[in-house]
Amino acid sequence: MKKLENKTVIVTGGGGGIGGATCRRLALEGAKVAVFDMNLEAAQRVAADIQSAGGTAAAYKCDITDRIDVDAAVAAAEAQLGPIDVLINNAGWDVFKPFTKTVPAEWDKLISINLVGALHMHHAVLPGMVARKSGRIINIASDAARVGSSGEAVYAACKGGLVAFSKTIAREHARHGITVNVVCPGPTDTALLAGVAEGAPSPEKLLEAFAKAIPLGRIGQPEDLAGAIAFFASDDAGFITGQVISVSGGLTMNG
Ligand SMILES: NC(=O)c1ccc[n+]([C@@H]2O[C@H](COP(=O)([O-])OP(=O)(O)OC[C@H]3O[C@@H](n4cnc5c(N)ncnc54)[C@H](O)[C@@H]3O)[C@@H](O)[C@H]2O)c1
């Protein structure tokens, strides 16, 4: 039997690299996938792929930094696909610069996408999960949250905040049958990583250095993340909450 048969899942940033791979994998596991992205065309492409492979998906334009957008998209997804069983907060953005070279407008953008956006999504979806006494939330942070990362100070602060927030929500809502876990990618071959590399003096050298630093010897692919995310969304992970796992080829090895 498929692991997520008939579960309704929201994936934010579902039009992107890791989000798109996650949507496709969850659909293969039988989920009805609400592909949320501020880039509606990207979300529609992922939903169309899933539909043409025989799965169930719908695309929704949603800027997670805008609470009105979030509430409208969640209501539309619930009306079309049913109550939300699984929420995957994956949308993210980064800019690669030493902290002293950044400006406060960049901090505001980083914080509103990488931290506040996930808070809006939790705030919109949790009350329904509480009422149904069941739910799964998976938050996509970063190895930068666990060990720091030069050039990503404010991004790392947001992701570290997301880890602490996830553990707290896991404690507050365990009694409601809701689990909250965090998946930390390392460098993964997506548009976001390409953007980060562009900010470096030599993008190619930076990517080579990342690959060399990874014990398994390569940059991650979006599909590498999708399996761990699908596991946390499934019944097999029902007794796991408040946990943080790196999917980064061994880049970080935290006890
Ligand atoms: N790629 C990496 O190396 C890497 C490493 C560590 C963590 N991550 C995290 O993985 C997650 C997915 O990133 P990715 O690498 O797939 O990037 P990506 O750029 O391929 O995808 C990100 C998606 O998020 C969407 N998005 C951005 N801002 C949004 C907003 N305000 N509202 C709604 N959607 C928005 C974009 O349109 C895009 O489709 C992010 O949270 C990122 O921080 C990525």
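The lining of the second largest pocket divides into five nonpolar, five polar and four charged residues. This is a predicted model, and its second largest pocket holds about 230 Å³ of space. The largest pocket has about 990 Å³ of space, and the ligand sits there. Here is a short tour of both pockets and of the ligand's surroundings.

**Second largest pocket**

- Lining this pocket are 14 residues, and those nearest its centre are Ala27, Leu28, Ala53, Gly54 and Gly55.
- Two elements, α1 and α2, each give two or more residues to the lining of the second largest pocket.
- Of the elements, α1 gives the most to this lining, with three residues.

**Largest pocket**

- Elements giving two or more residues to the lining of the largest pocket are α1, β2 (32-37), α2 (40-52), α4 (104-132), α5 (143-147), α6 and α7.
- With four residues, α7 supplies the largest share of the lining of the largest pocket.
- By class, the lining of the largest pocket comprises 23 nonpolar, 17 polar and eight charged residues.

**Shell around the ligand**

- You will find the ligand in the largest pocket, where α1 (17-28), α6 (153-173) and α7 (191-198) are the elements that give two or more residues to the shell around the ligand.
- The shell takes its largest share, three residues, from α7.
- There are 29 residues around the ligand, and Asp37, Asn90, Tyr155, Thr188 and Thr190 come nearest.
- Sorted by class, the shell around the ligand has 14 nonpolar, twelve polar and three charged residues.

**Polar contacts and burial of the ligand**

- At Asp37, a side-chain N or O atom is 2.6 Å from an oxygen atom of the ligand.
- At Ile18, a polar backbone atom lies 2.8 Å from an oxygen atom of the ligand.
- The protein buries 91% of the 830 Å² that the ligand exposes when taken alone.

Conventions:
Residues numbered from 1 in each chain as written. Predicted model: local features only at pLDDT ≥ 70, side-chain atom pairs only at ≥ 80, totals over all residues. Heavy atoms only, no water. Near = heavy atom within 4 Å. Polar contact = N/O pair within 3.5 Å; in protein donor to acceptor, adjacent residues only side chain to side chain. Areas by Shrake-Rupley, 256 points an atom, 1.4 Å probe, with all protein chains shown as cover. 1 Å grid on protein atoms, 1.4 Å probe; cavity = no way out; pocket = protein on both sides within 12 Å on 5 of 7 lines; lining within 4 Å. Sits in = over half its atoms within 2 Å of the grid points. Nonpolar A, V, L, I, M, F, W, Y, C, P; charged D, E, K, R; others polar. Points joined across faces, edges and corners; volume = space filled by probe spheres on them.
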